[in-house]
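Subject: Structure for your review

Dear colleague,

Please find the structure below, followed by notes on what was found in it.

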Amino acid sequence: MTKKEVISLVILILVIGYGAWQFFTSNFNEKKSQHLMDTIVTITATSKNKNVGSQIDSVFAFIKEMEDRLNDYREGSWLHTLNNSPEIDFPMDPDAYKILVIADSLYRMTDGAFDVSIKPLYDLWDFDTRAQITEDSLLNLPDSLEIKKTLQYVGFDRIQYNEKSIRIPKGTQLAFGAIAKGYVLDKAREYMQSLDLISGFIDCRSSMTFYGDVMPQLVYIQHPRLSAEDFIASFRIKDLSVGTSGDYQQYFDLNGIRYHHIIDPKTGYPVRDVYSVTVTHPSAAWADGLSTALFLMPPEEAIEAIKNIPDCNAVIYYEHNGSNVSLKSAGMKNLGFSEKL
């Protein structure tokens, strides 16, 4: 073999090697959005498969299927059927059981403040209808006697459940809104990983989850009193989930007082003075549920409560002595937390 032939062979090997390297190391990225779970869900994914867009579409279909089973207002869903059944004993759904286990823990942690049997009260307040009324003269609060009457149907301790069945008293109804989005995101993240998507990010505004990040991702906390585009703080996370509950999501204002969808099951009225709670946790379901649970507790007690929860951090915005203030867990500093009050 001549010197020229050797050089040509080396060049050929290098070209083939470079092509193989490109093939095995090339990643394809895509971002898509759909309206699901009463919000805009955005999925970003990285894959070695150039059909990553089709893979994302299958994740949307997966989310839709779970939503259809767990949405308490969708006729035919497991939860809607349970809430409207004349029976007190009902077969258990596997995903509902896992949600109830988390709800049970949060109920105990908050001494009954977090309660998924809140639906009768929530329906009585009908925030969707009241939020559309623009004139104060046409707005009214639920009758106090009706609230008192409805409270008798609320109480998670009235429910008996196991992996096979659930027994729920007549008049008591369940709402999974405080956990369901996060739970669906957890399952969707697992599904994305099963598709060999290298990394992913699912964002449905109040809940989000990240996995496979090369670098920590920047997350913003919406300002509770300005527009949805304004933020009050930011931090960075890697392979974590985020849940936020705010009094600006479903609400109406009357006589200078804000009435919102996070209701204290002990009084029947919305929580006062807390504006928003953001929680980070490896599980989106726990981040979602904890953001509501902490909202229902006095801020100091809430921050103290999560000290015993591994890999969990939170920031709470609330009114104190006429001023807007924040309270944060110590670990938020390690996430590069920055705010502008």
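Eight strands make up an open sheet, ordered β1-β2-β6-β7-β10-β13-β14-β15 with antiparallel pairing, where strands (E, at least two residues) and helices (H or I, at least four) are DSSP runs numbered from the N terminus, and two strands pair if DSSP finds at least two bridges between them. This is a predicted model, in which local features need pLDDT of at least 70 and side-chain atom pairs count only at pLDDT 80 or more, while totals for chains, interfaces and linings use all residues. Residues are numbered from 1 along each chain as its sequence is written, and side-chain values use heavy atoms, with hydrogens and water left out.

At the edges of the sheet lie β1 (28–36) and β15 (323–328), each of which pairs on one side only, and the twist from one strand to the next averages 10° (axes are lines fitted to C-alpha atoms, for helices over the stretch in contact, and angles between N-to-C directions run from 0 to 180 degrees). Strand β2 (residues 39–47) is joined to the antiparallel strand β6 (residues 199–203) by five bridges, and Thr42 has Asp203 in β6 as its bridge partner. Helix α2 (residues 52–70) packs on the sheet and touches β1 and β2, its direction making about 30° with that of β1; contact here means heavy atoms within 4.5 Å.

As for the cysteines, the structure holds zero disulfides, a disulfide being a pair of cysteine sulfur atoms within 2.5 Å. The sulfur of Cys204 is too far for a bond, because the closest cysteine sulfur, in Cys312, is 18 Å away.

Best regards
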